[in-house]
Amino acid sequence: MPQAKGRMIRVDISKSRKFASLNPDSQRLFVMLIPHLNSYGKMDGQTEFVKGKCVPLLKDMNLKKIEKCLAE
């Protein structure tokens with residue numbers, strides 16, 4: 001599947017009650033996921049894939065935390 005270049009978050013996120021209600025780790029992971037989505041807004045959601053592709057250098061983002069964030 002094609003991957004879009006230059007994806008941007010809409011400014012609405014700053015006023016989103018749903019986004020604001022997420023814990024800080026879930027907010028951070030959400031933002032880190034965006035550039036890895038394909039042009040349809042999808043990607044493999046397996047915890048191991050997310051860790052390896054989206055947050056490989058964030059040591060505090062372990063598999064258990066990622067799974068919790070994705071569920072939230």
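This is a predicted model: local features need pLDDT of at least 70, side-chain atom pairs count only at pLDDT 80 or more; totals for chains, interfaces and linings use all residues.
Buried means under 20% relative accessible area and exposed over 50%, with partly exposed in between (1.4 Å probe, protein chains only). Residues are numbered from 1 along each chain as its sequence is written, and side-chain values use heavy atoms, leaving out hydrogens and water.

View 1. Of the 72 residues, 22% are buried. Contact means heavy atoms within 4.5 Å, and among contacts between residues at least 6 apart in sequence, 51% join residues at least 24 apart.

**View 2. The largest nonpolar core has 8 residues.** Its members are Leu 29, Leu 33, Val 50, Cys 54, Val 55, Met 61, Ile 66 and Cys 69. Such a core is a set of buried Ala, Val, Leu, Ile, Met, Phe, Trp, Tyr and Cys residues joined through side-chain atoms within 4.5 Å. At least two core residues come from each of helix 2 (24–33), helix 3 (47–54) and helix 4 (63–71). In soluble globular proteins, nonpolar side chains tend to be buried together. Cys 54 is in contact with Met 32, Leu 33, His 36, Met 43 and Phe 49, leaving aside its neighbours within four places in sequence.

**View 3. Helix 2 has buried residues Ser 26, Leu 29 and Leu 33.** Seen down the helix 2 axis, these buried residues fall within an arc of 65°, so they line one face of the helix. The arc is that of the directions from the helix axis to the C-beta atoms. Helix 3 and helix 4 are among what covers them.

**View 4. Helix 2 meets helix 4, their axes coming within 9 Å and crossing at roughly 85°.** That makes the two helices roughly perpendicular, a label for angles of 65 to 115 degrees. Axes are lines fitted to C-alpha atoms, for helices over the stretch in contact, and angles run from 0 to 180 degrees between N-to-C directions. Asp 25, Ser 26, Leu 29 and Leu 33 of helix 2 make the contact with Lys 65, Ile 66, Cys 69 and Leu 70 of helix 4.

**View 5. Helix 3 has buried residues Thr 47, Val 50, Lys 51 and Cys 54.** They fall within an arc of 105° seen down the axis of helix 3, so they line one face of the helix. Their cover includes helix 2 and helix 4. Thr 47 counts as buried because its relative accessibility is 13%. Leaving aside neighbours within four places in sequence, Thr 47 is in contact with Leu 63, Ile 66 and Glu 67.

**View 6. Helix 3 and helix 4 pack at an angle of about 105°, with axes 9 Å apart.** Helix 3 is thus roughly perpendicular to helix 4. Thr 47, Glu 48, Val 50 and Lys 51 of helix 3 make this contact with Leu 63, Ile 66, Glu 67 and Leu 70 of helix 4.

Note on methods. Helices (H or I, at least four residues) and strands (E, at least two) are DSSP runs, numbered from the N terminus. Angles under 35 degrees count as roughly parallel, over 145 as roughly antiparallel, 65 to 115 as roughly perpendicular and the rest as oblique.
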